[in-house]
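Here is a short briefing to read with the model open in your viewer.

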Amino acid sequence: MTLPHKLARAGRLARQDVTDVVSSGQAPDPLSVFAPPGPGLQTGVPPGVQPGGHPQRDDTDLAIATRALAMRFRGGQLAVDHIDLAVPLGSVYGFLGPNGSGKTTTIRLLLGLMHPTFGSFRLLGADPRAGLDAVLPRVGALVEGPAFYPFLSGRQNLARVDAADRTADIGTAPARIDHALDQVGLLAAADKRYRAYSLGMKQRLGIAAGLLRPRDLMILDEPTNGLDPQGTREIRSLVKQIAADGTTVFVSSHLLAEVEQICSHVGVMSTGKLVFQGTLTGLRSRGDSRIRIRTTEPARAAEVLAAIGLTEITTADAEVSAALGEHPPERINARLVHADVPVAGLETIRPSLEDLFVELTGEGFNVSG
Amino acid sequence: MSADNAIALTPARAPAAAARHWLRLFRSELRIVFLRPRNLLMLLVLAGGPVFLGVVLYFNTPQPGSGGGPGAGAFIGQVADNGVFLSLLAIFLLLTLILPLAVAVVSGESVAGEAGIGTLRTLLTVPAGRTRLLVTKWLMVLVFCFAATMIVAIVGLVMGALLFPIGPVTLLSGNTVPLAAGLLRLAMIVGYVTAALAALGTIGIALSTFTQHAIAVMAAVLVIVTASDIADAVSQVAVIHPYLPTHFWFSFDALLRMPIGWPDVMHGLESFAVYTVIFGLIAWFRFNRADVTT
């Protein structure tokens, strides 16, 4: 399968040539795609959500950069509430959030399917007001699940998608289609009708449509939605493979485990707001650790902990726990032993990703109720 | 690939490449429409129209020259004399309901159908280009209108030739013209009916940009056709008759006179053109601004 790779690379080179020609042939325009953002754009950006807390964000290093991007539906609902996404080039960015938190709407805005009510964004450095169509060929997308013609085969469906691309290389289309099918493991089922595909095959065909040509950015919206564990694993390894080729991957999901295993960066959405953005390590280091002591005398243990100055002490049947704060656990152990509290077990608990997620996005209605 | 080469090739190649890419999309669009089992069935039903009429008239041969009068009667009486009139009769009768229905289905499907199954978002993120896609859809509907009319005309001719004598054509004005001239008149009628259906198809495309339910568009288009027909039959509102979308549909009988009733034909074509332009613009405005939520 080296031929399609070569063809793909040639396609990418040719594309750059065309870009050069176009940009050199035009008079410089102060409002062009390549103009640096004006100082006015810097205001109104909440500093808390910027990666590393840099007040001056350089959007040219970002695959996706949004500024106060907002979308209000006709019913008045603010589906996307002034979010400032910063997706670094080369990252695998997990876009997390419960169902209905505005992830898909954000993706629709980024791809030009919807028009924002407020704010601006850049996709691979390009300003959509100068026309998204110039940059979209470099972006592969799977939005809200796969959508194809049920009466056509997988191969015919990909041919249809490729035919819509006015910058695709027509001569290499059959080779590129087969290569994309091969990458997602659908070559054997290529001539089956889409209607007869399983859910996993449909999802994979959706990803294959994004792989018809080399991309600089892949936007995958819930690519594992409704898949069984095997299907989920297949998609996960596919995403890893795409990222390994140097493509920036922006993948939305409500599944934490998935994001944890493949992502370098995460953004967490909750009711339209971006409540966290940063590296996965950054997310993990959030949240307060607790100490938990197993003991036959929880009441006395609790007294000792209170004397040390620990807070949020809760006692259960045979254990006590408290917010750890900055206290070294080994010192706590020494104090307990010194006070003759029988310590059967002692552990510090870091909040799980799920705890952090729930903390950021709120309990589900049936949990908090 | 040097920069010099690229600069030298680009201006000459760009329009040609754009045309090649557009043709590829157009072919794909035609394939989607003409390979869809449901549409094929619809074309088959259209072909069945003249077959049915031919068989019925073969076994219940009308008296030559009988019927007369306006409308279908003018053709029925002539079929036994000349098979060419089976083609005209079939076009006339199918244009009352089945041809508009077929156009309503395909034009309603054009944008709303893609939105309904979600393929619209795939096409737009490729990106196919909204205006480019809409123009492709419109030309596809135009081709479909022509193909549908043509199928009725051709099958009508074949059945007419098989079941009835074929020869010089006696026009509605009483003059007789050679068969070749008669077939030329038939071809002009096919063109006229295609234009009438294309105007209806453009209305369908425009409505199709407002919804994701193709069936709603089909129903709306048929309601428009029926309402227009009813209004056209009420003489109290004669003042609006020339503005109704279906008012000139059957004016093609002017093409069967000697000399041809050009004023009637031109009025019809003008009406179709105005409807096409107005609803084409509505479709374009709407489609370029619409938020795609499916």
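This is a predicted model: local features need pLDDT of at least 70, side-chain atom pairs count only at pLDDT 80 or more; totals for chains, interfaces and linings use all residues.

Chain A has 369 residues, of which 40% count as buried, and chain B has 294 residues, of which 41% count as buried. The two chains touch, with 27 residues of chain B in contact with 23 residues of chain A.

**The chains**

- Chain A contains 12 helices and 14 strands.
- In chain A, 70% of the contacts with a separation of 6 or more are between residues 24 or more positions apart.
- Chain B contains 10 helices and 2 strands, and its elements run α-α-α-α-α-α-α-β-β-α-α-α from the N terminus.
- The C-alpha trace of chain B spans about 75 × 50 × 35 Å along its principal axes.
- For chain B, 74% of the contacts between residues at least 6 apart in sequence join residues at least 24 apart.

**Helix H9 of chain B**

- H9(B) covers residues 214-233, and its 20 residues reach 29 Å from first C-alpha to last, close to the 28 Å expected at 1.5 Å a residue.
- Which residues of H9(B) are buried? They are Ala214(B), Val217(B), Met218(B), Val221(B), Val225(B) and Asp232(B).
- As a reminder, an α-helix has 3.6 residues a turn, so residues three or four places apart point the same way.
- On the other side of H9(B), you will find Val223(B), Ile230(B) and Ala233(B) exposed.
- Helix H5 (98-117) and helix H8 (179-208) of chain B are included in what covers the buried residues of H9(B).

**Nonpolar cores**

- The largest nonpolar core has 156 residues, and the ones with the most contacts inside it are Ala208(A), Ile219(A) and Leu89(B).
- Leaving aside residues up to four places away in sequence, Ile219(A) touches Ile107(A), Leu110(A), Leu111(A), Val139(A), Ala141(A) and Phe250(A).
- Another core, of 13 residues, lies apart from the largest one, and includes Leu310(A), Val320(A), Ala322(A) and Leu336(A).

**The interface, from chain B**

- There are 27 residues of chain B in contact with 23 residues of chain A.
- Helix H1 (3-35) and helix H6 (119-125) of chain B each supply at least two residues of the side of chain B that touches chain A.
- H1(B) gives the largest share of that side, 10 residues.
- By class, the side of chain B that touches chain A has 14 nonpolar, 8 polar and 5 charged residues.

**Backbone details worth a look**

- For context, most residues other than glycine have a negative phi, and most peptide bonds are trans.
- Val126(B) and Pro127(B) are joined by a cis peptide bond with omega about 0 degrees, and Pro127(B) is in the loop between H6 and helix H7 (130-163) of chain B.
- The peptide bond from Met258(B) to Pro259(B) is also cis, with omega near 0 degrees, and Pro259(B) lies in the loop between H9 and helix H10 (262-289) of chain B.
- Leu124(A) has a positive phi, near 50 degrees, and lies in the loop between strand S5 (118-123) and strand S6 (139-142) of chain A.
- Is Leu124(A) buried or exposed? Leu124(A) is buried, because it has 20 other C-beta atoms within 10 Å.
- Glu312(A) also has a positive phi near 50 degrees, but is found in strand S12 (residues 311-315) of chain A.
- Glu312(A) counts as exposed, because it has 12 C-beta neighbours inside 10 Å.

Methods. Residues are numbered from 1 along each chain as its sequence is written. Chains are lettered from A and ligands numbered from 1 in the order in which they are written. Helices (H or I, at least four residues) and strands (E, at least two) are DSSP runs, numbered from the N terminus. Two residues are in contact if their C-beta atoms, placed from the backbone, lie within 7 Å. The expected span of a helix is 1.5 Å times one less than its number of residues. A nonpolar core is a set of buried Ala, Val, Leu, Ile, Met, Phe, Trp, Tyr and Cys residues joined through C-beta atoms within 7 Å. Ala, Val, Leu, Ile, Met, Phe, Trp, Tyr, Cys and Pro count as nonpolar, Asp, Glu, Lys and Arg as charged, and the others, Gly among them, as polar.
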